[in-house]
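Please find below a short note on the model under review. It is set out as numbered points.

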Amino acid sequence: MASPAAELESRAVESSSRWAEFRAWITQPGVLCSTPVLLLLLIGFLAPLLVVVGYSLMPPRTFDFGHVPTLENFISIVNESYYRSFLWAFGLACITVVLLLIICYPLAYGMAKLFGHWAHLLTLLLVIPLFVSENIRLFGWVLFLIKRGVLLGALESWFGIGADSMLYSVPAIVLGLVYVYLPFTLFPVMLGISMVPRDVTEAARDLGASRWQVFREIELPLAMPGILIGAMLTFVLSLGSLAESKILGGQAVIMIADDIETAFTFGQNWPLGSALSVLLILLVGSLVLYVLRRLDLDEILGRR
Amino acid sequence: MTGTPILRLVDLSKKFDDLRAVDGIDLEIYDGEFFTVVGPSGSGKTTLLRMLGGMDQPSQGDILLRGERINDIPANRRPTCMVFQSLALFPHRSVGQNIEFSMKMKGIPTADRRARAEQLMAQLHLPLDYYDKNVAQCSGGERQRIALARALAFDPEILFFDEPLSAIDYRLRKTLEKELKDIHRETAKTFVYITHSLEEAMVMSDRIGIMREGKLVQVGTPDEIYNKPRNKFVSEFMGEVNIIEVQKATEDKLECPSLQTQVVGPSQPTGFNSGHLVIRPESVRFLNNSGSAENSVEGTLYNIYSLGSRMQYQVRVGTHVFLVEKLREQGYEGELDDVVKIGWDARDSILVSD
């Protein structure tokens, strides 16, 4: 029934309609707007990542890809006790997250519900330090905490109290992490708390719930998306932190980011550094994916 | 309706900075009655209700529940429960968990909670398989019923309603109004309801309080409010009525500047000087062919609306536009711009102050 000419024509129509479909898709405002950032991510994020993955499979202390892939680096991570720096990083990140949640929840609650326009001032005070380099702020802490520094020097000369400096210890690292990452916990938690409608908590109270019950049954679960995001952000950032353990911790403990840096610089062992990075990325990535699967970002950003 | 007062408000006031949102309210609400506070937005009715529920603190005055001052008792320890305008359902809980919330807080065993929740769901025409449904997936009317079931599960002595039906479409609202009245009769609890719609209040209430700028303007049964509005504000609230500015002419005659004529009105109170005459659209008659009335005026017919079972006519007389309503089968047969004669009797008009 269909002549060859008609068939050809219908194919041409089909391909032109596919082309039209593609054009319609590519010229959507959303696609067009995201093109620059997609290109940037491709070149600036995905490509380096692939290079790192490639290096992690090369034999130790090599500097090109011309070798047979091997898992040697990953084996040496386990054998040469690099897992310790992983554990330190995870442990300190966990402590930081817990401390920050305890500090930030009441503060965020106040800023979201109670302080009124004072909350703007507080936000400003918390944001302005972010314009100063993290290292400079941490050196500020060194001056504050060091023997004969601002704190101990003042205690000694005014009150005659002599005390050992907490500098170059694990608590000093935790202090630095808590200080630096406070805004990263605070603001998401604040967003989470402000998403809890006032009349919903009032209704719970009206239905006979005590303050504690309102917190446990209503506020906490409804603010959970913000809390999870804040905790995740802080955890990931603390895990990859370098400056706190170096500047405030001295050589008290070595965190994973420190090991990675050493492998790439002094160690001149790019494959080992890459393997450590890949492992860190896998651990963090699976954690983030797990948390994000439980969250509805659309809801948090108020699109629903 | 009389009875024992369950709630007594004495000089109850709430100030926000310089604004007196609620200004010296004295009121008794009787045990088991359906009391409705009607007022425009900003009249302070929500603030009043929030004070009764314990969400806001009065700046002045007392709230007495069965004679005991409850000003300082927090919301969770008052035997009252509010149905919020937003309904304030717990979005992260199922229908059943919402209804059972107050019982869970009291520590009632799971099986008892469930039995009571299912009983309430049946009473409020909620399908039992909604028990595990997410409240976000329920329709507007269902959400109303869940909110009411949740409040009833608390077993309060008084239920407060903060305009819960305002966001519901007309037909469903009419159904829910009647259901609410049935629930009131079945539970025999005291209901305090607030709304901006006098029509809604008329359907459900035993008594109505009209609120304006933080004060109660008039309190009475729906009949009293309808037949004896105290002033122009209350009459305007009743919807479409003719309100004509009048001044005293003689002992039984009133001067109407907008109609440029004098009319016979109801008996004037002593010392009456000027006020407003309220005439219902259905009390005005067309007098062209036959019939007579104590008062009559001539004007031009300038709009005809169909209201379904009734017809509404606008007749321009002087600078005033009269509203006339007739049953459809008794409607006026005429054309726009016809010169028509309309009239009403003195006993169908109400004289109110400003």
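This is a predicted model: local features need pLDDT of at least 70, side-chain atom pairs count only at pLDDT 80 or more; totals for chains, interfaces and linings use all residues.

1. Strand 6 of chain B spans residues 80–83. Thr80(B) and Met82(B) point one way from this strand, while Cys81(B) and Val83(B) point the other way. All four of these residues are buried. In a regular strand, side chains alternate between the two faces of the sheet.

2. The partner of strand 6 of chain B is strand 7 of chain B, residues 158–162, and the two run in the parallel sense with four bridges between them. Within this pairing, Met82(B) has Phe160(B) as its bridge partner in strand 7 of chain B.

3. Between chain B and chain A, about 1,800 Å² is buried, with 61% of it on carbon and sulfur atoms. The contact involves 24 residues of chain B and 17 residues of chain A.

4. Three salt bridges are found across the interface of chain B and chain A. One salt bridge joins the side chains of Glu202(A) and Arg50(B), at 2.6 Å from N to O.

5. On the side of chain B that touches chain A, at least two residues each come from helix 1 (45–53), strand 6, helix 2 (95–106) and helix 4 (140–153) of chain B. Helix 2 of chain B supplies the largest share, four residues. By class, this side of chain B comprises 14 nonpolar, six polar and four charged residues.

Definitions and conventions. Residues are numbered from 1 along each chain as its sequence is written. Chains are lettered from A and ligands numbered from 1 in the order in which they are written. Side-chain values use heavy atoms; hydrogens and water are left out. Buried means under 20% relative accessible area, exposed over 50%, partly exposed in between (1.4 Å probe, protein chains only). Two strands pair if DSSP finds at least two bridges between them. Contact means heavy atoms within 4.5 Å. Buried area is the accessible area (1.4 Å probe) that two parts lose on being put together, summed over both. A salt bridge is a side-chain nitrogen of Lys or Arg within 4 Å of a carboxyl oxygen of Asp or Glu. Ala, Val, Leu, Ile, Met, Phe, Trp, Tyr, Cys and Pro count as nonpolar, Asp, Glu, Lys and Arg as charged, and the others, Gly among them, as polar.
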